[in-house]
Amino acid sequence: MTEVIVGLVGLILVLVLFLTGLELSFVMAAVGFVGFSILRSWSAGLNLLAKDFFDVFTSYGFTVIPLFVLMGQISFNAGIANRLYDASYKFIGHIPGGLAMATVVGATAFKAICGSSPATAATFAVVAVPQMDHYHYSRKLSTGIVATVGTLGILLPPSVTLIVFGIITEQSIGKLFLAGLIPGLLIALFFLVIIYGWCKIDPSLGPKGERSTWSARIKTLPEVVWVLVIFFMVIGGLMNGFFTPTEAASIGTFLVLLLSVVKRDIGFKGYVKSVSESLRIACMVLMLIAGSSILGHFLAVTKIPLIAADWIVSLPLPAWLIMVLIAIIYLIGGSFIDDLAFMVLATPIFFPAIAKLGYDPLWFGMIIAITVMVGVVVPPVAINVFIVKTITNAPFSQIYAGVYPFLLSLVFCALLLFIFPGMATFLPNYFMR
């Protein structure tokens, strides 16, 4: 068999083994090891296996992943999201759909210190849905927005998805964080517009809440200010080169922990729980990267990424249509495999083609991030919907009925990125020349 055929058989085997229920990280590592050994030698395969695992789990640069995850888990267990939601509700809870809009604002602010989409969906399913139930909101609206708003963590910093994308493609994590700000905030704004318009058309979906006094509103502002201070210290330090992404994650985590301890929002048990959850999530992500690295070295030997890039570029189609097809492949693949896992698997194959087509890697990262956002709320593998279903016990049909209107925001933002790619590149080019 030729090297290309061995590579294609390996990729098919990865998908087949994964569909049997095996973890994708172990599947990629096993297939990559066996394939590399067949094409080179078993001794070389064993050396590759040991080296790639050692390099990933001892890399100083990869410590940014567990640190940012820990930052989010401490915030989650310290109840910071609850107070951000309360602050948002005090200001806009009295307008039609105000509680749902407060959920968007609160979750967007929470994203400044939490890069986990499932954690955000879980937090606001516990915090926001009971409040909306109390004011007789439609479960379609309440569960739909809670499931969808969690996706903002994929685009807004400190996003674990963007960190992994930056590691795979060797792009600046700081630039990716900046690139995600405008599209992420724009999607949050679209969510607010959809909620307001939907509740204007059908007021029964989101009745008005109680109007808060200005003194009650002002009392909630310190919670928002502290989050913004931490966010701007982390992102501002990255932008100005004061510290590396790992140092930024360390500082952000320490500040969130310090704030939580000083305010007595978290005890020793809460801290231990945060560390335990962070280790579990970080090890999962690092295993994906290690498995992808081994599979990537195998594919590099087969030259499949280069052949695929040449074939894609040679298609008699406009470059923008090729990019749309690639995004659709990510979307379909993420519908059957965990979206982060599929991104880790597919990006090394498609990224060379993107470079040859002349697209900016930061822009490509934003397009892929939006496809992942869609993937976590559409069936069959819709982790955010599963989380909301488990916590609220709402039927899937009801949650999906509330999710679909907000998907328009994601599609519209992706369309705007195609028309105005500067949405993704302006801030990185301005602040990090």
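Colleague: Which residues touch the most other members of the largest nonpolar core?

Modeller: In this predicted model, the largest nonpolar core holds 154 residues. In soluble globular proteins, nonpolar side chains tend to be buried together. The members that touch the most others are Ile 65, Ile 145 and Phe 364.

Colleague: Leaving aside neighbours within four places in sequence, with which residues is Ile 145 in contact?

Modeller: Ile 145 belongs to the trio that touches the most other core members. Once neighbours within four places in sequence are set aside, its contacts are Ala 100, Val 104, Met 132, Phe 191, Ile 195 and Phe 406.

Colleague: Is Thr 148 buried or exposed?

Modeller: Thr 148 lies in helix α8, which covers residues 139–149. Not counting residues up to four places away in sequence, Thr 148 touches Phe 191, Val 377, Val 403 and Phe 406. Its relative accessible area is 0%, so Thr 148 is buried.

Colleague: What distance separates the C-alpha atoms of Thr 148 and Gly 72?

Modeller: Along the chain, Thr 148 and Gly 72 are 76 residues apart.

Colleague: Why does Ile 370 count as buried?

Modeller: Ile 370 is placed in helix α17, residues 361–375. Beyond four places in sequence, Ile 370 is in contact with Leu 155, Leu 410, Cys 413, Ala 414 and Leu 417. A residue is buried when its relative accessible area is under 20%. Ile 370 counts as buried because its value is 4%.

Colleague: How many Å separate the C-alpha atoms of Ile 370 and Val 411?

Modeller: These two residues are 41 places apart along the chain. The separation of their C-alpha atoms is 8.2 Å.

Colleague: What covers the buried residues of α20?

Modeller: Helix α20 spans residues 422–431, and its residues Met 423, Ala 424, Thr 425, Leu 427 and Pro 428 are buried. Their cover includes α10 (173–201), α17 and α19 (396–419).

Colleague: Is Ser 25 buried or exposed?

Modeller: Ser 25 lies in helix α2. Not counting residues up to four places away in sequence, Ser 25 touches Met 287, Leu 288 and Gly 291. With a relative accessible area of 6%, Ser 25 is therefore buried.

Colleague: Which residues form a nonpolar patch on the surface?

Modeller: Val 225, found in helix α11 (residues 214–239), is one of them. At 45% relative accessibility, Val 225 counts as partly exposed. Together the patch residues have about 700 Å² of accessible area. They are Trp 214, Ile 218, Leu 221, Val 225, Trp 226, Val 229 and Met 233.

Colleague: Why are Asp 55 and Lys 51 separated by about one helical turn?

Modeller: The side chains of Asp 55 and Lys 51 meet in a salt bridge at 2.8 Å, N to O. Asp 55 is partly exposed at 32%, whereas Lys 51 is exposed at 51%. The separation is about one helical turn because, in helix α3, the two are four residues apart.

Colleague: How far apart are the closest N and O atoms of Asp 133 and Arg 139?

Modeller: Asp 133 is partly exposed at 29% relative accessibility, and Arg 139 is partly exposed at 24%. Side chains of opposite charge can pair when their charged atoms come close. Here the two form a salt bridge, with the closest N and O atoms apart by 2.9 Å.

Colleague: Is the peptide bond from Pro 157 to Pro 158 cis or trans?

Modeller: Pro 158 is found in the loop between α8 and α9 (160–169). The omega angle of the bond from Pro 157 to Pro 158 is near 0 degrees, and the bond is cis.

Colleague: What is the phi of Arg 264?

Modeller: Arg 264 is placed in the loop between α12 (245–262) and α13 (268–302). At 78% relative accessibility, Arg 264 counts as exposed. Although Arg 264 is not a glycine, its phi is positive, at about 55 degrees.

Notes
Residues numbered from 1 in each chain as written. Predicted model: local features only at pLDDT ≥ 70, side-chain atom pairs only at ≥ 80, totals over all residues. Heavy atoms only, no water. Core = buried A, V, L, I, M, F, W, Y, C linked by side-chain atoms within 4.5 Å. Buried < 20%, exposed > 50% of the residue type's maximum accessible area, 1.4 Å probe, protein only. Contact = heavy atoms within 4.5 Å. Patch = residues over 30% accessible without salt bridge, like charges linked within 9 Å, V, L, I, M, F, W, Y side chains within 5 Å. Areas by Shrake-Rupley, 256 points an atom, 1.4 Å probe, with all protein chains shown as cover. Salt bridge = Lys/Arg side-chain N within 4 Å of Asp/Glu carboxyl O.
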